[in-house]
Amino acid sequence: MSAFLYAATRTPFGRFNGALAGVRPDDLAAAAITSTLARVPGLDPAAIDDVVWGNANGAGEDNRNVGRMAALLAGLPVSVPGTTVNRLCGSSLDAAMTASRTIESGDAEVVLTGGVESMTRAPWVLPKSAKPFPAGDVTAVSTTLGWRLVNPRMPKEWTVSLGEANEQLQERFKISRERQDEFAARSHRLAHAAWESGFYDDLVTPVDGVDLTRDEGIRPGSTPEVLAGLKPVFRTPEQGGTITAGNASPLNDGASAVLLGSEKAAAAIGTDPIARIAGRGVMALEPQAFGYAPVEAANRALARAGIGWDQVGAVELNEAFAVQSLACLDAWKIDPALVNQKGGAIAIGHPLGASGGRVLATLAKVLRETRQRYGVAAICIGVGQGLAVVLENCGVTEVAQ
């Protein structure tokens, strides 16, 4: 038995402190659920066997199982259960992978998956004191991104910042600042062109009450020359710093949703499937090497799908940093033109828990548009992990030449 993708949408991705800053994450998630189910009006929501939702933070308004909360806020019957999974940046891709296994095992026929993150609304937290009424000051810790409240037993080399980890990656693979800036400019150029062409019109649905119809962070005027003028953030130029605010993904708010089902669920859903989950892969490395983890995750997913890179017609790789994206492409030895043909996270944004659903849905549509049979969706994950999924286009039975 196989699992299939039937429908998917997402909210526009907003900038940190931008247009979506006033929207709670559980409301963002509910908006993605509502818009996705609107694509399949023939489906009785009571027929959804489970909701599997991704979320990386969980420290604020997204606490207490945001997947279940979002399902209730979206008006799903109370009989529809929901759970929340956390694999940091890969959470919503992990949600889809988990749901696909459930369908393949026969335990479910229809599963709604997705993910959400409001990095703007991520709270500051205060650790509880070991003793009551401490006399000294207590430090509030931001939960927006990266390590916090670190266990002192963790080796220091594991807990470097995400940016420093990727500076180490560029040193290892000798990936120049120029290549990173060129890759970042391409992301903005392709994302803008995709919006202008109407590619995202049926994949993105505005949030009610918010005047935002497109991804907020896309800068059409970004060029390698413009990006070259930005200062490195994590190391000084004298220290060999190459990573800037322009060649890394920003902080964002947003949600995505993907409806999965079995082959026979098509009758209940009321539409034919778009793509089949053909293979899955997961990989872990040293925490500071997280940006390189998609390499083997994708290789494993392809092996489980029974195909090779020569049969892949499109790749959606979440662009956490330009440097880690380039390191992965170099390792796979694939044509860069196949990757992120409609822009990537550097331009579109990376609301952590929502990005996996975005890359999966975008890949499915790119495969349909280009008439390619197989594609790979992959994502790197903080603390040294990577995930990948192979999709097979249901509308194509042969690999395009």
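**A strand and its partners**

Modeller: Arg 15 stands opposite Asn 252 in β8. The model is predicted: local features need pLDDT of at least 70, side-chain atom pairs count only at pLDDT 80 or more, and totals for chains, interfaces and linings use all residues. Residues are numbered from 1 along each chain as its sequence is written, and side-chain values use heavy atoms, with hydrogens and water left out.

Start with the strand itself. β8 spans residues 252–261. Strands (E, at least two residues) and helices (H or I, at least four) are DSSP runs, numbered from the N terminus. All of β8 is buried, 10 of 10 residues, so the rest of the structure largely encloses this strand. Buried means under 20% relative accessible area, exposed over 50%, and partly exposed in between (1.4 Å probe, protein chains only). In a regular strand, side chains alternate between the two faces of the sheet. Both faces of β8 are covered. One side carries Asn 252, Gly 254, Ser 256, Val 258 and Leu 260. The other carries Asp 253, Ala 255, Ala 257, Leu 259 and Gly 261.

Now the pairing. Two strands pair if DSSP finds at least two bridges between them. β2 (residues 14–15) runs antiparallel to β8, joined by two bridges. β1 (residues 4–10) is also antiparallel to β8, over six bridges. Phe 4 stands opposite Gly 261, and Thr 9 has Ala 257 as its bridge partner. β5 (residues 110–118) pairs with β8 in the antiparallel sense too, over nine bridges. There, Thr 113 stands opposite Val 258.

Follow β1 next. Seven of its seven residues are buried. β1 also pairs with β9 (residues 275–284), antiparallel, over two bridges. In that pairing, Leu 5 stands opposite Ala 275.

Ala 275 leads on to Glu 392, one of whose contacts it is. Glu 392 sits in strand β12 (residues 385–393). Its relative accessibility is 11%, so Glu 392 counts as buried. Leaving aside residues up to four places away in sequence, Glu 392 touches Ile 274, Ala 275, Arg 276, Ala 278, Arg 373 and Tyr 374. Contact means heavy atoms within 4.5 Å. Two of these neighbours meet Glu 392 through polar contacts between side chains: Arg 276 at 2.8 Å and Arg 373 at 2.7 Å. A polar contact is a pair of N or O atoms within 3.5 Å; within protein, one must be able to donate a hydrogen and the other to accept it, and residues adjacent in sequence count only if both atoms are side-chain atoms.

Charged pairs come next. Side chains of opposite charge can pair when their charged atoms come close. A salt bridge is a side-chain nitrogen of Lys or Arg within 4 Å of a carboxyl oxygen of Asp or Glu. By this rule there are 17 salt bridges. Arg 10 and Asp 215 are both buried.

Glu 61 and Arg 24 form another salt bridge, with the closest N and O atoms 4.0 Å apart. Glu 61 lies in the loop between β3 (50–54) and α2 (66–73), and Arg 24 in the loop between β2 and α1 (25–37), so the bridge ties together parts 37 residues apart in sequence. Glu 61, at 25% relative accessibility, counts as partly exposed. Arg 24 is partly exposed as well, at 34%. Salt bridges link Arg 24, Asp 26, Glu 61 and Arg 121 in a network.

Last stop: helix α5 (residues 177–197), which holds Asp 181. Asp 181 forms a salt bridge with Arg 177 (2.8 Å, N to O). The two lie four residues apart, about one turn of the helix. Arg 177 is buried, at 15% relative accessible area. Asp 181 is buried, at 2%. Asp 181 also makes a side-chain polar contact of 3.0 Å with Asn 247. Their C-alpha atoms are 5.7 Å apart, across 66 residues of sequence. Besides Asn 247, Asp 181 touches Pro 224, Leu 227 and Ala 228, not counting residues up to four places away in sequence.
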